[in-house]
Structure formats: structure tokens, C-alpha cells
Amino acid sequence: MYIYPDHLRAKATLWLWQLRDIGIIGVALLLSVLAVSQLGFVPPIVLTAVYAFLTIRFEDTSILDFLRYACAFFITKQQFYEWRYTPNAQER
């Protein structure tokens, strides 16, 4: 019996984020606070907040993952459709 979820195969999480996302958010927040305090430039802190919101994980999925899958399906990956005509047995 394992205490760690998914028999030691799950990614490490802290609060609602994966540890990789927390590292990215921390570095981006540090740079954003530096930009706001020294330059008065606000957009980096807004982008950091948006990224932090999009990477919140519930049941091993996030909004950012959903947006990536949707973009791949509708925009970047080619969809392949195969149309065939199969006559009915009565038409033969």
C-alpha cells in the first residue's frame, strides 16, 4: 500500500499547482515585482497572474491543458477524415 498517489507515478504537486508551475510562477513573480517597482511596468505581473490562474490543477487537468488540446484539435493538427460509400445489400 502506497501513501503517495498513483503508485509513485503521479507528478509532485503543492497546493493546486505542480512544482514546475510553482517554480515558473515564483520566478515570473519576482521579475514582475522588479519590473513594477523599478520601471512602473505592470503587464508582466498581469501575465504572471493569468498564468497562475490557468495552471491551477483539479483532478490532474488544468485550463491551460484544455486550451492546448483545443488549439491542437482545431488549429495546429491536421484532421483526417475518410469518406466511403458502401452500397447496401439491397442495392446490389
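A residue is called exposed when its relative accessible area is over 50%, and buried when that value is under 20%. With these terms, the predicted model can be described from its overall make-up down to single side chains. The protein has three helices and four strands, and 17% of its 92 residues count as buried.

**Overall make-up**

- Read from the N terminus, the elements follow the order β-β-α-α-β-β-α.
- The accessible surface of the protein comes to about 8500 Å², and carbon and sulfur atoms account for 67% of that area.
- Of the contacts between residues at least 6 apart in sequence, 31% join residues that are at least 24 apart.

- Helix H3 covers residues 63-76, which makes 14 residues.
- From its first C-alpha to its last, H3 reaches 18 Å, close to the 20 Å expected at 1.5 Å a residue.
- The buried residues of H3 are Leu64, Asp65 and Ala72.
- Viewed down the helix axis, the buried residues of H3 fall within an arc of 105°, and therefore they line one face of the helix.
- On the face of H3 turned away from the buried side, the exposed residues are Phe66, Phe74 and Ile75.

**The aromatic pair**

- The structure holds one aromatic pair.
- The pair is formed by Phe73 and Phe74, whose ring centres are 4.9 Å apart; their planes stand at 85°, so the pair is edge-to-face.
- An angle over 60 degrees between the planes is what places a pair in the edge-to-face class.
- Phe73 counts as partly exposed because its relative accessibility is 43%.
- Phe74 has a relative accessibility of 67% and therefore counts as exposed.

**Thr55, a buried loop residue**

- Thr55 lies in the loop that runs between helix H2 (43-54) and strand E3 (57-58).
- Its relative accessibility is 3%, so Thr55 counts as buried.
- The side chain of Thr55 reaches the backbone oxygen of Tyr51 at a distance of 2.9 Å.
- Apart from neighbours within four places in sequence, Thr55 is in contact with Leu16, Trp17, Asp21, Ile25, Ser62 and Leu64.

Definitions and conventions:
Residues numbered from 1 in each chain as written. Predicted model: local features only at pLDDT ≥ 70, side-chain atom pairs only at ≥ 80, totals over all residues. Heavy atoms only, no water. Helix = DSSP H or I, 4+ residues; strand = E, 2+ residues; numbered from the N terminus. Buried < 20%, exposed > 50% of the residue type's maximum accessible area, 1.4 Å probe, protein only. Contact = heavy atoms within 4.5 Å. Areas by Shrake-Rupley, 256 points an atom, 1.4 Å probe, with all protein chains shown as cover. Polar contact = N/O pair within 3.5 Å; in protein donor to acceptor, adjacent residues only side chain to side chain. Expected span 1.5 Å × (residues − 1). Arc of directions from axis to C-beta. Phe/Tyr/Trp six-rings, centres within 6.5 Å; stacked < 30°, edge-to-face > 60°.
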